[in-house]
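I opened a new notebook page for this protein. My plan is to look up a few features and write down each one.

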Amino acid sequence: MALSIDDIIIGLRAGNRGSLARAITIVENSGQGTDAILRQISDSLGRATVVGFTGAPGAGKSTLVDAFVKELRKRKKSVGVIAVDPSSPISGGAVLGDRIRMSDHATDDKVFVRSLASRGHLGGLSRSASHVIDVMDAFGKDFIVLETVGAGQSEVEVADIADVKIVVCAPGLGDDVQAIKAGILEIADILVVNKADNPLAERTARQLEARTTGENTKKISVLKTIALDGIGVDILTDKIETIALLARSELKGKDRPRKLLKTAALEYLTSLLDDKSNTRFDELAEKLVRGETTFEQAALEVLKLASK
Ligand SMILES: Nc1nc2c(ncn2[C@@H]2O[C@H](COP(=O)(O)OP(=O)(O)OP(=O)(O)O)[C@@H](O)[C@H]2O)c(=O)[nH]1
Ligand SMILES: [Mg+2]
């Protein structure tokens, strides 16, 4: 007999890993019970610090995440890791064991690793990732670490859920800047040049610094690491903790719920509008094409139709 949602919630609150795994499986697939779980945990959210690592395939994200988790464990923090496996036809979809290098943590019960397969649906991936984050948060994880390949828009969106966003680069990007697709640099709080054992790392770091200073946006730190040896990871971790503290104080009061509300509302609308089998908006779209309404009016109509 399957456990009831109430049992799962009780287990989750009691720190039972089996309950955590079950709850994640349910919300990840938006399975039956998802709404009940999300509702019941809604009063115990917002405690964990969510750190997103994104970057080009092979930049060393998994190795760096592994080293970061090691450092967090040294600092007595509990950790949840979510690896978003894009199953990309470009990278050939490396097997998961290869993507997440978490072998050392397999026996550590304060580390919980989960992979999420992207299903090619834009809103879907960030929605299921944010639900899995919520469940890990309610479970009591101090840190939740998210690894995504920064290859597509949906991965950038996923990374954007994080409180602290890290873009991992490999040395020798040159001026063509292979990995730094539009939108990726912009979301970063920290740029990490990994594989700093490579002599080109210093130059890459300087190029990135040049690209990120002087712009009107926030100051982005550029750090170097050798993830394989854990070098630079303590400094990276200090920086992450500082930025997380700042982000939290900025999001105090109503701001954090407001941000969550915005994400939820946008995701809801996106899923409605992306659903081709939903004909509710067809007439409105045609009116727009015929110039019989303005974008602003049409948007307001969308909101009315969406709530019907
Ligand atoms: N020399 C050197 N190699 C590294 C370093 N960090 C990672 N690597 C190697 O780079 C390769 C790719 O590392 P991963 O951690 O799998 O990279 P990734 O970004 O997670 O790759 P995908 O998940 O496939 O996108 C592996 O062979 C690592 O051993 C480093 O600091 N120095
Ligand atoms: Mg990886």
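**Entry 1: confidence.** I began with pLDDT, the predictor's confidence in each residue, from 0 to 100. The mean pLDDT of the protein is 82. I found that 79% of the residues reach 70 or more. This is a predicted model, in which local features need pLDDT of at least 70, side-chain atom pairs count only at pLDDT 80 or more, and totals for chains, interfaces and linings use all residues. Residues are numbered from 1 along each chain as its sequence is written, while chains are lettered from A and ligands numbered from 1 in the order in which they are written.

Next I looked at the elements. Helices (H or I, at least four residues) and strands (E, at least two) are DSSP runs, numbered from the N terminus. Which helix has the lowest mean pLDDT among the elements? Helix H5 (residues 96-99) does, with 46. Helix H4 has the highest, 95. Over residues 88-99 the pLDDT is below 50. Beyond near neighbours in sequence, that stretch has 11 contacts in the model. Two residues are in contact if their C-beta atoms, placed from the backbone, lie within 7 Å.

**Entry 2: the whole protein.** I noted 13 helices and 7 strands. A residue is buried if 20 or more other C-beta atoms lie within 10 Å of its own, exposed if 12 or fewer, and partly exposed in between; these C-beta atoms too are placed from the backbone. Of the 308 residues, 37% are buried. I also checked contacts between residues at least 6 apart in sequence: 72% of them join residues at least 24 apart.

Entry 3: Is strand E5 (residues 164-169) buried or exposed? I found 6 of its 6 residues buried, so E5 is largely enclosed by the rest of the structure. In a regular strand the side chains alternate between the two faces of the sheet. In E5, Val164, Ile166 and Val168 point one way, and Lys165, Val167 and Cys169 point the other way.

Two strands pair if DSSP finds at least two bridges between them. E5 is joined to strand E1 (residues 49-55) by 5 bridges, and the two run parallel. Here Gly55 stands opposite Val168. E5 is also joined to strand E6 (residues 190-193), by 4 bridges, again running parallel. On this side Ile166 stands opposite Ile190, and Val167 stands opposite Leu191. I followed E6 onward to strand E7 (residues 221-224): 4 bridges join them, and they run parallel. Val193 stands opposite Lys224 there.

**Entry 4: Ile240.** I picked Ile240, which is in helix H10 (residues 233-250). Why does Ile240 count as buried? Ile240 has 22 C-beta neighbours inside 10 Å, so it counts as buried. Leaving aside neighbours within four places in sequence, Ile240 is in contact with Val51 and Val164. Ile240 and Val50 are 190 residues apart in sequence, but 10.0 Å apart in space, C-alpha to C-alpha.

**Entry 5: helix H4 and ligand 1.** Helix H4 covers residues 61-74. It has 14 residues and reaches 20 Å from its first C-alpha to its last, close to the 20 Å expected at 1.5 Å a residue. The expected span is 1.5 Å times one less than the number of residues. Buried residues in H4 include Lys61, Ser62, Leu64 and Phe68. After H4 comes Lys76, with a positive phi near 65°.

I then turned to the shell around ligand 1. A residue is near a molecule if its C-beta atom, placed from the backbone, lies within 6 Å of it. There are 17 residues around ligand 1, and Pro57, Gly60, Lys61, Ser62 and Thr63 come nearest. H4 gives the most to this shell, with 3 residues. By class, I noted 7 nonpolar, 6 polar and 4 charged residues. Ala, Val, Leu, Ile, Met, Phe, Trp, Tyr, Cys and Pro count as nonpolar, Asp, Glu, Lys and Arg as charged, and the others, Gly among them, as polar.

**Entry 6: positive phi.** Most residues other than glycine have a negative phi. Ser30 is not a glycine, yet its phi is positive, about 50°. Ser30 lies in the loop between helix H2 (17-28) and helix H3 (34-41). Ser30 has 13 C-beta neighbours inside 10 Å, so it counts as partly exposed. Lys195 also has a positive phi, near 60°. I found Lys195 in the loop between E6 and helix H9 (201-212). With 24 C-beta neighbours inside 10 Å, Lys195 counts as buried.
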